[in-house]
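Thanks for making time, everyone. I have one model to walk through today, so please bring it up on your screens.

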Amino acid sequence: MDASSNTVVVTGFGPFRQHLVNSSWAAVKELSKLGLGSDIDLHIAELPAVYQKAKELVCEIWATRRPHVVIHVGLASASRTTITLEQCGKNKGYKERDVCGFLPEDGCCVSEGPERIESTINIKRVWRNLLTEGIDAVFSRDAGRYVCDYTYYTSLYYGNRRAAFIHVPPLSKWVTAEFLGRTLQRVILEMLKQCKQKSR
């Protein structure tokens, strides 16, 4: 991980249960068309909704890309239109099987890791700033103890807390991939603004 890097990696997830088109990956692909400005080297990656494979790919991203920050995007299937901003990842309590039917060993992400890891980004501040712009978002400290939370914790652990997680609603007639892409762009730019202020 290189704090001086201008590389930002944004990930989404592949098919998940009945969602053959995962809104998180659709949104990330739209974001890649929009970009994050000429000074940001944006890379995107699709992760499978599988604990171990997602973990391996996240570790590979941190080792090979050496990004300034990694932003993960996941699907919140119960949400209709709201974006959820996650502050922290949890290490234990994973009891739900992934799409391949697997569970993490002992329901744990990193055996020697702390119970919870907080992002270096002040997600609540990002959330408050977005609310003033009229973006429908909520702040959360529980990413769900499934592949999303597992992925987030992995990234926080191996990326020295330089990660964030955004849950997006499923695609619908109210929520299009284009809309989610534009919203992601705004949310991530707000996060990067905070990162830039901290690095001064």
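Start with Glu-133 and Arg-186. Their side chains meet in a salt bridge, at 2.7 Å from N to O. Keep in mind that this is a predicted model. The pair links distant parts of the chain. Glu-133 sits in the loop between H3 and E7, Arg-186 sits in helix H5, and 53 residues separate them.

Salt bridges with shared partners join Glu-133, Arg-186, Glu-190 and Lys-193 into one network.

How many salt bridges are there by this rule? The count is 8. Let me show you two others.

Next pair: Arg-145 and Glu-115. Their side chains form a salt bridge at 3.7 Å, N to O. This pair, too, links distant parts of the chain, 30 residues apart. Arg-145 is in the loop between strand E7, residues 137-140, and helix H4, residues 147-158. Glu-115 is in the loop between strand E5, at 88-90, and strand E6, at 116-118. Arg-145 has a relative accessible area of 26%, so it counts as partly exposed. Glu-115 is at 39%, so it is partly exposed as well.

Now a local pair: Lys-53 and Glu-56. Here the salt bridge is 3.9 Å, N to O. Both residues lie in helix H2, which covers residues 51-65. They are 3 residues apart, about one turn of the helix. Lys-53 is partly exposed, with 42% relative accessible area. Glu-56 is partly exposed, with 39%.

Back to helix H5, and another residue on it. Thr-183 lies in this helix. What does Thr-183 touch, once residues up to four places away in sequence are set aside? Ile-83 and Ile-135. Its relative accessible area is 9%, and the cut-off for buried is under 20%, so Thr-183 is buried.

That brings us inside. The largest nonpolar core has 31 residues. Val-10, Leu-85, Ile-166 and Met-191 have the most contacts inside it. Which elements give two or more residues to this core? On the strand side, E1 (7-13), E3 (69-75), E4 (83-86) and E8 (163-168). On the helix side, H1 (23-34), H3 (123-132) and H5 (177-199). H5 gives the most, with 7 residues.

Take Leu-85 as a way in. Leave aside its neighbours within four places in sequence. Leu-85 is then in contact with Ile-123, Val-126, Trp-127 and Leu-130, among others. Its contacts also include Val-138, Phe-139 and Ser-140. Phe-165 and Ile-166 are on the list, and so are Val-187 and Met-191.

There is a second, separate core. This one has 26 residues, including Phe-16, Ala-49, Trp-62 and Leu-75.

Now the outside. Which residues form a nonpolar patch on the surface? Leu-20, Val-21 and Leu-171. Together they have about 300 Å² of accessible area. Leu-171 is in the loop between E8 and H5. At 34% relative accessibility, Leu-171 counts as partly exposed.

Step back to the whole chain. The secondary structure comes to 5 helices and 8 strands. What order do they run in from the N terminus? β-α-β-α-β-β-β-β-α-β-α-β-α.

Consider contacts between residues at least 6 apart in sequence. Of those, 82% join residues at least 24 apart.

Then the overall dimensions. Along the principal axes, the C-alpha atoms fill a box of roughly 40 × 40 × 25 Å. The radius of gyration is 15 Å. A compact globule with 200 residues would have one near 16 Å, so the chain agrees with that.

Last, burial and surface. Buried residues make up 54% of the 200 in the chain. The chain exposes about 9,400 Å², and carbon and sulfur atoms supply 49% of that.

To recap, I'd keep two pictures in mind. One is the salt-bridge network of Glu-133, Arg-186, Glu-190 and Lys-193. The other is the 31-residue nonpolar core, with H5 as the element that gives the most to it. That's my run-through.

Definitions and conventions: Residues numbered from 1 in each chain as written. Predicted model: local features only at pLDDT ≥ 70, side-chain atom pairs only at ≥ 80, totals over all residues. Heavy atoms only, no water. Core = buried A, V, L, I, M, F, W, Y, C linked by side-chain atoms within 4.5 Å. Buried < 20%, exposed > 50% of the residue type's maximum accessible area, 1.4 Å probe, protein only. Helix = DSSP H or I, 4+ residues; strand = E, 2+ residues; numbered from the N terminus. Contact = heavy atoms within 4.5 Å. Patch = residues over 30% accessible without salt bridge, like charges linked within 9 Å, V, L, I, M, F, W, Y side chains within 5 Å. Areas by Shrake-Rupley, 256 points an atom, 1.4 Å probe, with all protein chains shown as cover. Salt bridge = Lys/Arg side-chain N within 4 Å of Asp/Glu carboxyl O. Rg over C-alpha atoms; globule rule 2.2 N^0.38 Å.
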